[in-house]
Each structure stands twice: as C-alpha cells, then as structure tokens.
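Hi everyone, thanks for making time. Have a look at the picture on the screen, and I'll walk you through a few parts of it.

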Amino acid sequence: MTVATKIGFGKRVKGEIKVMGGEGEAVTTHDIDSSLQGKILLLLTYASREFLEKASFVEIKAVVVPSMHYRDFLYFKDNGDFSLLVLTKFGKLDIGDELTAKLSKLDGKEGELDGEKMELSV
Amino acid sequence: MYSYEQIARWLTFPIDPITVEDWVANREIFGREKGDHSEQTEEIELAYQVEKLRESMGNGEQPPSAQGSGGAEEDLDLFLLLNGVEVVGTIDRKDYLAIVPEGRIPDGRKLAEIKINQLGLKKEEKFNIFFGELFIKELDPTVSYKVQVYPGKVSWTGAGKKVFVFDGRGRPLPDFGPGVKSQEIMKKIKNI
C-alpha cells in the first residue's frame, strides 16, 4: 500500500508506524514519550505545533498529519528533525472516516516514508 | 507565495493571517477549488488574481487577456484593471466610464473638479475630488451626459453608462496595507 500526497518534506526513512488519534480522539503532548523514538507517527487527527515539537524532541523519524497550518509547515521544514507528509491540505481539516479506517490498520507495521517523493509505503 | 498583507489589502472583510497563508499555499499547490464559491472565497480569489496580475505587470508582461488578442486588457473587469494593471487615462467601456489621473500629490490636497451635465436638461453637478479619494457616481444609461474634469480639461460626452469612476488614489498606487480605509475603498470598487 502506498499513500501519496502533494505536501511534504524530508529524507527517506524507515520505521515502525504508530497510529494515533483515531475515532475522533484528540492527541496531546501527554501522548508522547520516549517509546516513540525512531518510529513513523501517523496522526489521524489535527495536532498542534507543541505536539510536533515534542515529537521531534523524542526523535521520531517521520510524521504524517491530516492537515496543518502553512506557517507550521514552514517552521518544521526549517527546524524539524523529521520527515513529514500532509494528507489533505493546509488548514485544520479532517481526513474522513473511510481513510481513517484504512490508515488505522497500518498501526505496528513497518513503513517507508519519503518526504521528497511525498509517499508512505507499507 | 503572496503574503497576508498582499492579499488582505484587497478584501472588504477582516481576516486572520493564518487563514490567508493556508489559502494561498493551497491555491498554489492545488489550483482553484471547485466546490467553494462562497462570497468570501471568491473575494480572496480576486485578490489573488490582482496580485498575480501586478506581479506579471512588474515583470513587464502583458495582461493575460491581452496576450495574442491585440486588444489590451479588454476583457479584464474594472477591479483588476484599476488595482492590478493600474490603468491610467480614460477607460470607456460598455457600461462604465473611468478616469484615472497619473502621478501623486500630497495627501488631502484637492486633485480635481468634476462637472457632470445631463444634456438637454441643463442640469449640472460639481464635485471636488481630493487626493486618495475614489469617486463613484451612478449614471442613468438612457441619459446623455457631458463629463468634464479640471485641471487637464478631460472631457467625455455620450450615453449608455451606468457609472462614472474617478480614481484619485494616485498612480502608481500607494503602498497601502490591510485596514478599514482600504476595505472601504475595495467595497466601493466591488459595488461598481
């Protein structure tokens, strides 16, 4: 399975996928700990800049987000230590139930994310 | 990528910078959104088109509608002409007449006097226009008018016009940003 987007940055990385924020549950900085180190974080709900900063701090390899603000995208492109894909557009948008259900199944699988090609392959 | 200030100065409503930044970035990557034709979205799209036009004119390019047609800017609407192309002179179109003087004088100084005569009725109206002002006068298209602008002795006579515009904002346009005054001016232009 390959998920292709039009927005992203960063190098190609491999790691275990950790899905967070399914079924409408919000994600907060409290959800991040060192167990996420080296993983690809697949978020199914909007995450704040603080959340992504903490994720960067615990050295995740990559993040996939449903949407994010353009200014946050630029910030992490310049300052983040991870690769990133945006599934929809800039703003604060959801991905819908169907895609949420599909992506939820990727939890725990090994994935490869290429920020330049803007693809996540499982 | 156009900045918040570049886009927001053409809008008639207040908007936050994050929304504008997201909109412009999406517009550049995904193109024009097909489903959303709300009034506000249409207005942001128009502002985006104005900036594109200003950018292309700054690079010495012809306005898009003029390319290959030979009839410069003939199809562009008045909003784009006044703000994007920054036309100068007398623009005599199907249902409007616009006069745009070139140059600038100090703020608040009287720029021109306009006389509008309804031919046959011997009815004359006079208006003093000050620098920075956008003067708009609705006309009856069934009536013949004589419009005179002083100084300069610019004169136009004819019928079939719904509106007369005198753009006293100066050329090139001042480097104005988003704000109540610019929003009021844009509302005026959009209502033409």
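Now some housekeeping. This is a predicted model, where local features need pLDDT of at least 70, side-chain atom pairs count only at pLDDT 80 or more, and totals for chains, interfaces and linings use all residues. Residues are numbered from 1 along each chain as its sequence is written, chains are lettered from A and ligands numbered from 1 in the order in which they are written, and side-chain values use heavy atoms, with hydrogens and water left out.

Okay, find strand β2 of chain B, residues 96-100. Strands here are DSSP E runs of at least two residues, helices are H or I runs of at least four, and both are numbered from the N terminus. How many of the residues of β2(B) are buried? Five of its five. In a regular strand the side chains alternate between the two faces of the sheet. Here B:Tyr96, B:Ala98 and B:Val100 point one way, B:Leu97 and B:Ile99 point the other way, and all are buried.

Who are the neighbours? Two strands pair if DSSP finds at least two bridges between them. Strand β1(B), residues 89-92, runs antiparallel to β2(B), with four bridges joining them. B:Asp92 sits opposite B:Leu97, and a hairpin of three residues links β1(B) to β2(B). Strand β8(B), residues 163-167, pairs with β2(B) in the parallel sense, over four bridges. There, B:Ile99 stands opposite B:Phe166.

Now the helices. Axes are lines fitted to C-alpha atoms, for helices over the stretch in contact, and angles run from 0 to 180 degrees between N-to-C directions. Helix α4(B), residues 78-85, and helix α5(B), residues 180-190, cross at roughly 140°, and their axes come within 9 Å. Under 35 degrees counts as roughly parallel, over 145 as roughly antiparallel, 65 to 115 as roughly perpendicular, and the rest as oblique. So α4(B) and α5(B) are oblique to each other.

Which residues meet there, with contact meaning heavy atoms within 4.5 Å? B:Phe79, B:Leu82 and B:Asn83 in α4(B) meet B:Met186, B:Ile189 and B:Lys190 in α5(B).

One last pair: α2(B), residues 17-30, packs against α3(B), residues 39-58, at about 70°, with axes 11 Å apart. That makes α2(B) roughly perpendicular to α3(B).

Conventions
Contact = heavy atoms within 4.5 Å. Buried < 20%, exposed > 50% of the residue type's maximum accessible area, 1.4 Å probe, protein only.
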